[in-house]
Amino acid sequence: MGDGSDQVRRHRVGLFANNVQGFRSVPGGPATPARGGRVRRFAERCTFAFEVAPAAFWRAVSDTDAVNRDAGLPPVRFTYEPRADGLPAVVAHGRLGPLPIVWEEPPLMWEAPRRVAVERRFRGGPFARFFSEMRIEPDGDGARIEHAVELDARGSVGALLAPLVLARGRAGARRAYELAAQRARESVLEVPPASAARVARFVDAFESLRPHTEHEPEIAARLASFVEHAADGHVVRMRPYVLADAWGLPRERVLAAMLAATRGGLLDLWWTVVCPSCRGQSTRVLSLWHIGASASCDACGIVYDAEFDRNVEATFDVRPFERSADPRAYCFAGPHTARQTLAQCTVPANAMTMLDVVLPKGAYVVQALPDRAARITVEDDAGAATLDVRLDDRRVRAFSSAVRSGSVRVQIANLSSREAVVRVTEADLPGALATAAEVTALQTFRELFRGEVPREGVEFAMRSLTVLFSDIAGSTRMYAEDGDARAFHLVREHVDALREVVALHRGAIVKTIGDAVMAVFADPRDALEAALRFGRAAAPLELRVGLHRGPCIAMCANDRLDYFGATVNLASRIAHAAGPGEVLMTTAVADDARVAAVLPDGERGTVTLRGMLHPVEVVRVASAVAAR
C-alpha cells in the first residue's frame, strides 16, 4: 500500500470523489414529486478511478455480496413468494439498526465485464425504491468506475432522510470499491503461509491415511494456508478442481488429499445439488443419504432430477476449525454466483431491450428462465457482432446460430404475455465441478467413506460411466489343480493388485463376484489405461477384460454404492466374450476422442451376445499388447 502506484490511486480517488454531482430531486418512476406523501426521486453519480486492469477489477467488483458487505449494508434473509405470471418473487428481510426492512429484489442485471445494476422495491417505510448501477470503463492502464444511484423517497420523512442515506452510501461505495481493487491486485488463492502447527495437522492426516493418499507436502501446505488465511466467503465452498487449477496441481491429487483431510477431521465434505436453470445451489447436505432423486429450486420455481454426473457436486468447508461456514448473505444471486453467465436482464412483456456483452469463443445459450432456451455458437472468425432474439410463451428463437467472438450486442424482443428473466450463459455446466460421479468412482473415496451411500430406494441417473469387468480365464481348472486355499490366495492377491491399478487411474472397484471384478471410471481413457495394465498386474494369471460406456443408475445395494442398467449388463457380457489375456471394448469406448491417444492397434469386429438382438461392434486388443 506504500508504493508509488498506490499513491497515484489514492490521489485519483480523492480527485474524482470531489467531483460528485450534487443532490437533485427529479420526477421519475411511476409517481411524480408532490406534497403529502408522494414519491420524490433523489439521484447522484460518483466517479472513482483505480490503477487496476478493468478485467481484474470486474472479477472483484462483480462479487456483489462482498461489495454490499464492504459498503456497510445489512445482512439479509431471503424468502420466495410464488407468482402466477412468472418466476417467484424474491423478498429480502433485514434490519437497519433497530428497524426491520423488507423489500422485493428483482433479479440483478449485468453485462460482463462492464456493468452491474440492482433494484430494491421497499414494502413500507420512508423509501419506495433504491436503484444502483456500476459501470467499469478503461482509463489508461486502469479502470474508472461510474457509480449511479437513485433513491425514491416517500413523503417528507423520506425526503429529509434521503440526502443522509445517499451520503452514507457514497462513503460506503468508496470503501467497497477500494477493497475490491485491493482484491483485484491479489489472488484470493495466494495467501500467507500457515503456521507450522496447522501444516503439521494436514501432513499427519495424509500420513495416517496412507496408502489411500500419497504424502503430499505441497498440498498440505497449500490447504493449511488457505484454511488459516482465506476469507470466510472462500472457505465456505472450497471446490477442489478450482483450487487445483489455481495451484497448478493435478486435480485428482488435490481431491484425494481433501478427502483424506475430511476423513482426518480437518475438513467437512458437502454435497451440493446445482440448479440446471439458474446454476445456483438448491440443496446442500453433509451426506448422500439426504439427497433425493429430485431437487427443487425456489428461485426458479422448478423441480429437476439430481444427476450424479451433471449437477451433484462435492465441495468442502472448514467447519472443523470453527471458522464461519455459513457467511451472512448481503445480495441475492449476483454475477459471482453464476460466473458462467455473462449477462442477465429482465425484459417486460411486449418490450425490447439490448445487452452488450463480451463473449469468448464457445457454446452458449440464450435462456429465458427457467426452461426456454436457444443455443448459439461463438466463433473467432464467423458470424456477425449482433444477435437478434425473440421470446414467446413457448420458446426462445435466436435468428443466428453463430456470432463473432468479442463484444456482441444481443437485441431481445419479448413477445410473450409475461416478463422474462433472460440470460446469456455458457451452454454446459462448468468443467470445474467435482461431480458425485467422479468422486464416488474413486477408490480413495470408496475406501475412506464406506458408509457414504444414497438412501435405500433412491436412484440417481448418470448420463455416462465407463464400466469394466474382468475375470480369470481358466479359474475352474486353477481351483481343481491348485486346491481351494492356494487358488483363493491367488484370487485375493490379484484383486489387491488390480485395486492399486484402478486407484492409480482414478477409478474404483465396486465389487468382486467370485474371481470377477467390477470397476467404474468417470473417464473412458482412465478405464482403458487401467485395463491395459491388468495383464501385467495379475501375472501369472490370465484375465478377460471387457469395457463399455453409457448411461446407468447409481443406487445403494447391500450397503454400498452400486451401479445398474443396460450399460453394466453389456459390460459384463463383453468381458465374458473376451479371450484369455484380451481386452475387449465396445466402440462406445474405442471411438471416444479421449481414448484415441492411448488405444493400441486392435481388431475391429462384432460379437453376438446372449440376450442381445443385434451383434455388438467391438475392438479387440491382443494379449501381448494388453500385457505390455
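Two strands count as paired here if DSSP finds at least two bridges between them, and the strands themselves (E, at least two residues), like the helices (H or I, at least four), are DSSP runs numbered from the N terminus. The model is a predicted one, so local features need pLDDT of at least 70 and side-chain atom pairs count only at pLDDT 80 or more, while totals for chains, interfaces and linings use all residues. Residues are numbered from 1 along each chain as its sequence is written, and side-chain values use heavy atoms, with hydrogens and water left out.

S26 covers residues 516-521, and strand S24 (residues 460-472) runs antiparallel to S26, joined by five bridges. Within this pairing, Ser470 has Val517 of S26 as its bridge partner. Strand S25 (residues 507-513) also pairs with S26 in the antiparallel sense, this time over six bridges. Val517 turns up again here, as the bridge partner of Thr512. S25 and S26 make a hairpin with two residues between the strands, and Gly514 in the turn has a positive phi of about 65 degrees.

What about burial? Six of the six residues of S26 are buried (under 20% relative accessible area; over 50% is exposed and anything in between partly exposed, with a 1.4 Å probe and protein chains only). S26 is therefore largely enclosed by the rest of the structure. In a regular strand the side chains alternate between the two faces of the sheet. In S26, Ala516, Met518 and Val520 point one way and Val517, Ala519 and Phe521 the other, and all are buried.

Strand S10 (residues 268-274) and strand S11 (residues 281-285) run antiparallel and are joined by four bridges. Val273 stands opposite Thr283 in S11, and Trp271 stands opposite Val285 in S11. Six residues lie between the two strands of the hairpin, and Arg279 takes a positive phi near 70 degrees. S10 and S11 belong to an open sheet of three strands, ordered S11-S10-S14, with antiparallel pairing. Its edge strands, each pairing on one side only, are S11 and strand S14 (312-317). From one strand to the next the twist averages 30 degrees. Helix H9 (residues 251-263) packs on this sheet and touches S10 and S14, its direction making about 60 degrees with that of S14.

Another open sheet has four strands in the order S16-S22-S19-S20, and here the pairing is mixed. Strand S16 (351-359) and strand S20 (396-398) are the edges, each pairing on one side only. The twist in this sheet averages 20 degrees from one strand to the next. Strand S19 (residues 386-391) pairs with S20 in the antiparallel sense over three bridges, and Arg390 stands opposite Arg397 in S20.

On the helical side, helix H13 (residues 484-504) packs against helix H14 (residues 524-538) at an angle of about 150 degrees, with the axes 9 Å apart. Axes are lines fitted to C-alpha atoms, for helices over the stretch in contact, and angles run from 0 to 180 degrees between N-to-C directions. H13 and H14 are therefore roughly antiparallel (angles over 145 degrees; under 35 is roughly parallel, 65 to 115 roughly perpendicular and the rest oblique). From H13, His494, Ala497, Leu498, Val501, Val502 and Leu504 meet Ala530, Arg533, Phe534, Ala537 and Ala538 of H14, a contact being heavy atoms within 4.5 Å. The residues of this contact divide into nine nonpolar, one polar and one charged, where Ala, Val, Leu, Ile, Met, Phe, Trp, Tyr, Cys and Pro count as nonpolar, Asp, Glu, Lys and Arg as charged, and the others, Gly among them, as polar.

Further along, Leu609 lies in the loop between strand S30 (603-607) and strand S31 (616-621). Leu609 is buried, with a relative accessible area of 8%. Leaving aside residues up to four places away in sequence, Leu609 touches Leu570, Arg573, Ile574, Ala577 and Val616.

As for the protein overall, it has 17 helices and 31 strands. Buried residues make up 51% of its 628 residues.
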